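Here is a short briefing on one protein chain. Look over the sequence and the fold, then work through the points below.

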Amino acid sequence: LPHSAQRQAFEYNLTCDLANATGVSPAMFHIISLSPGSIIVDLEIHPDPSGRGANPMSIAADLEIQAVDESSPLRNGSITCYTQALALPAFRPLQHAATHTTHCN
């Protein structure tokens, strides 16, 4: 269910895992959709609003490398430890940036 507490917890934990793996704010990750079964997540990586952090393509490339390294922070996250594959589509610039802030504990 799109707005269930279980889905919100999953999205929160996923964005925290991604942020912890890459060293950027969880607010830079925007989940577009989740597909059931072997969970498939479509997400966008937004630019750092301050303009000082890594760019989205660098973050995506880092995640791609971590996805095949069993000892990486990505593969050792609470949700992302189940990562089996990572597919990066062609780059398309975003028209807007995320406006919410998420803090991980």
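At 1.5 Å a residue, the twelve residues of helix 2 (residues 56–67) should span 16 Å, and the end C-alpha atoms do lie 16 Å apart, so expectation and model agree. The model is a predicted one.

**Buried face of helix 2**

- Six names make up the buried set of helix 2: P56, I59, A60, L63, Q66 and A67.
- Viewed down the axis of helix 2, these buried residues fall within an arc of 120°, so they line one face of the helix.
- Cover for the buried residues of helix 2 includes helix 1 (5–22). Strand 1 (29–35) and strand 2 (40–45) are also among the elements that cover them.

**Start of helix 2**

**Chain layout**

- The chain holds two helices and two strands.
- Read from the N terminus, the order of elements is α-β-β-α.

**Burial, contacts and surface**

- The chain has 105 residues, and 30% of them count as buried.
- Take the contacts in the chain with a separation of 6 or more: 49% of them join residues 24 or more positions apart.

Key. Residues numbered from 1 in each chain as written. Predicted model: local features only at pLDDT ≥ 70, side-chain atom pairs only at ≥ 80, totals over all residues. Heavy atoms only, no water. Helix = DSSP H or I, 4+ residues; strand = E, 2+ residues; numbered from the N terminus. Expected span 1.5 Å × (residues − 1). Buried < 20%, exposed > 50% of the residue type's maximum accessible area, 1.4 Å probe, protein only. Arc of directions from axis to C-beta. Contact = heavy atoms within 4.5 Å.
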